[in-house]
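Here is a friendly walk through one model, with its rings, a helix and a sheet as the stops. Please keep the viewer open as you read.

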Amino acid sequence: MIARPLLLSTLLAALAAALPVETLAGCTVQSGPNTAALVELYTSEGCSSCPPADKQLSRLRQSLDANAMVVPLSLHVGYWDYIGWKDPFAQQVFTERQRWLAQANGQGTVYTPHFFVSGTELQTWRGSLRDEVRKLNAKPAEAQIRVEASLSASDSITLSADVTTRNGNDRADLYLAVTESGLKSNVARGENSGATLAHDHVVRAWIGPIPLTGGKATLRRDVALPASWNRAQLEVIAFVEDARSGRILQAVGAQGCARS
């Protein structure tokens, strides 16, 4: 169809892929010296051509090199809701971001499924994701990110992030997200009527942009955790983006920070 995550007992360096963990104690993650690939998929439950792309994102880590550094995001858009099925995971901010990224890539049209790898549009995603991730992983990171997360007694998670860009780049923004995997929907109407759709890495909470000053940013934010969210399937993500081009300077992610 056509139409801008953490549970670790010790400080971990050189990590950008999510890691499974079992206990909550000093949840901290720090980016490494090379660039992790942020893979953004813009998708919709109202789009009949989206399920294969959703599956590709779910299998992303298994389809890449064993040491690949990748941070996946599934951002659901709502501009296909009018066909007859309202996507329960769609947020307007994702549509706005997709349009901004498309413009930054010199494109006038947004569509689903739509892949971006570290801010660059990837039209031939079926065959080129592995190569794109390899290229990015070979590059020195242009930012350092350190994120901490802790649970509160009020069913929320407190996120703290510290970011520094190389060469003091001021034209950059910090973003944080909480994603959930293992989601399913029984679609009753629209192009996918009668199908049961499965989703991973779905963005549930979105924070940003947070502008950097003097090449640095510090953020502390509480994010509510609704009872319907599966804490065992949550992931905390942080990334730094060039505010002009959408190019990703660095990204980190890890699982388990919201487990009780």
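How many aromatic pairs does the count come to? Rings of Phe, Tyr and Trp (its six-membered ring) pair if their centres lie within 6.5 Å; planes under 30 degrees apart count as stacked, over 60 as edge-to-face and the rest as tilted. By this rule there are eight aromatic pairs.

A word on the basis of these values: this is a predicted model, where local features need pLDDT of at least 70 and side-chain atom pairs count only at pLDDT 80 or more, while totals for chains, interfaces and linings use all residues. Residues are numbered from 1 along each chain as its sequence is written, and side-chain values use heavy atoms, with hydrogens and water left out.

Two of the pairs are set out here.

| Pair | Centre to centre | Angle between planes | Type |
|---|---|---|---|
| Y42 and F116 | 5.9 Å | 90° | edge-to-face |
| F115 and W125 | 5.1 Å | 35° | tilted |

Y42 belongs to strand β2 (residues 37-43) and F116 to strand β4 (residues 114-117), so this pair links distant parts of the chain, 74 residues apart. Helices (H or I, at least four residues) and strands (E, at least two) are DSSP runs, numbered from the N terminus. Y42 is buried at a relative accessible area of 0%, and F116 is buried at 0% as well; buried means under 20% relative accessible area (1.4 Å probe, protein chains only). F115 is in strand β4 and W125 in helix α4 (residues 125-137), so their pair ties together parts 10 residues apart in sequence. Both F115 and W125 are buried.

An aromatic cluster is formed by F94, Y175, W206 and F239. R97 lies over the face of Y175, 5.2 Å from the ring centre; the rule asks for NZ of Lys or CZ of Arg within 6 Å of the ring centre and within 35 degrees of the ring normal.

F94 and R97 are among the buried residues of helix α3, including also W100 and L101. The 13 residues of α3 (residues 92-104) should span 18 Å at 1.5 Å a residue, which agrees with the 19 Å between its end C-alpha atoms; the expected span is 1.5 Å times one less than the number of residues. After α3 comes G106, with a positive phi near 75°.

Finally, the sheet: four strands in the order β1-β6-β7-β12 form an open, antiparallel arrangement. Two strands pair if DSSP finds at least two bridges between them. β1 (27-30) and β12 (216-224) stand at the edges with a single partner strand each, so one side of each has no neighbour in the sheet. Nine bridges join β6 (residues 143-151) to β7 (residues 156-165), and V147 has A161 in β7 as its bridge partner.

Note on methods. Buried < 20%, exposed > 50% of the residue type's maximum accessible area, 1.4 Å probe, protein only.
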